[in-house]
Amino acid sequence: MRFLSRRLVMPNDLNYANSLFGGRALEWIDEEAAIYAICQLETNCLVTKHIGEISFESAAMQGDVVEFGLETKKVGRTSITVTCLVRNKATKKTICLADDIVFVQVDAKTRLPIPHGKTLEILAQQTKVEINTLNV
C-alpha cells in the first residue's frame with residue numbers, strides 16, 4: 001500500500017465529540033480514491049460506483065495529520081476497485097479502512113461505461129516506472 005496524501009484535521013472537520021467527523025473522513029476517502037483511480041487509469045472520466053465495507057477503528061483529533069494509503073485490488077473491463085486505509089501519520093494507528101471502492105470509466109458525452117484497456121499487470125508496470133522517475 002502506498003501512502004500518497006495527507007490532511008490536517010482542522011476545527012471544521014470535527015463532530016460534537018471533537019474528533020474527526022465520519023462524514024468528512026468518507027468525503028476525503030472518496031476524493032483520494034478517485035484521484036488515485038484517475039492516475040491509475042489515466043482519465044478523469046470516472047464515477048464512483050460502489051463503496052463496500054467501511055470500518056472506523058480509532059478517532060482522529062484536531063491537529064492530527066492523517067494519511068491515505070491506497071492500492072488497486074482488482075481491475076475489470078470498465079472498472080477499477082481500490083482499498084483506502086486512513087491512518088494517523090504520527091502513531092500509524094488505523095483510523096478508517098474503506099474496502100472495495102469501485103470506480104467506472106464512462107464516456108464523457110453519453111456517461112455510459114466504456115473499457116479502459118488496463119490490467120493489473122499494466123498498472124503494476126506503470127507504478128514501477130513512476131516510482132523510478134521520482135526525484136527523491
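Let me begin with the conventions. The model is a predicted one, in which local features need pLDDT of at least 70 and side-chain atom pairs count only at pLDDT 80 or more, while totals for chains, interfaces and linings use all residues. Residues are numbered from 1 along each chain as its sequence is written, and side-chain values use heavy atoms, with hydrogens and water left out.

I turn to the overall fold. The protein chain contains two helices and six strands, where helices (H or I, at least four residues) and strands (E, at least two) are DSSP runs numbered from the N terminus. Along the sequence, these elements follow the pattern β-α-β-β-β-β-β-α. The C-alpha atoms fill a box of roughly 45 × 35 × 20 Å along the principal axes. For 136 residues, a compact globule would have a radius of gyration near 14 Å, and the 16 Å of the protein chain agrees with that. That radius is taken over C-alpha atoms, and the globule rule is 2.2 Å times the number of residues to the power 0.38.

Next, contacts and surface. A contact means heavy atoms within 4.5 Å. Of the contacts in the protein chain with a separation of 6 or more, 64% are between residues 24 or more positions apart. Buried residues make up 40% of the 136; buried means under 20% relative accessible area, exposed over 50%, and partly exposed in between, with a 1.4 Å probe and protein chains only. The accessible surface is about 7900 Å², with 53% of it belonging to carbon and sulfur atoms. These areas come from the Shrake-Rupley method with a 1.4 Å probe, and for residues only the protein chains shown count as cover.

What about the cysteines? The search of the whole structure finds zero disulfides, a disulfide being a pair of cysteine sulfur atoms within 2.5 Å. The sulfur of Cys 39 has its closest cysteine sulfur in Cys 84, at 14 Å, which is too far for a bond. Cys 45 is likewise in no disulfide, and its nearest cysteine sulfur, that of Cys 39, is 14 Å away. Cys 39 counts as exposed because its relative accessibility is 51%.

Two backbone positions deserve mention. Most residues other than glycine have a negative phi. Asn 18, however, has a positive phi of about 60 degrees, and this residue sits in the loop between strand 1 (2-8) and helix 1 (22-41). Glu 42 also has a positive phi, of about 55 degrees, in the loop between helix 1 and strand 2 (46-51). With a relative accessibility of 57%, Glu 42 counts as exposed.

Glu 53 belongs to the loop between strand 2 and strand 3 (54-56) and is exposed, at 59% relative accessibility. Which residues does Glu 53 contact? They are Leu 97, Ala 98 and Asp 99. The C-alpha atoms of Glu 53 and Ala 98 are separated by 5.9 Å, although the two residues are 45 apart along the chain.

Ser 79, in strand 5 (residues 79-88), is buried, with a relative accessible area of 16%. Ser 79 touches Val 102, Phe 103, Val 104 and His 116. Pro 115 lies in the loop between strand 6 (94-105) and helix 2 (120-132), and contacts Arg 77, Thr 78 and Gln 105.

How values were computed
Lists of a residue's contacts leave out its neighbours within four places in sequence.
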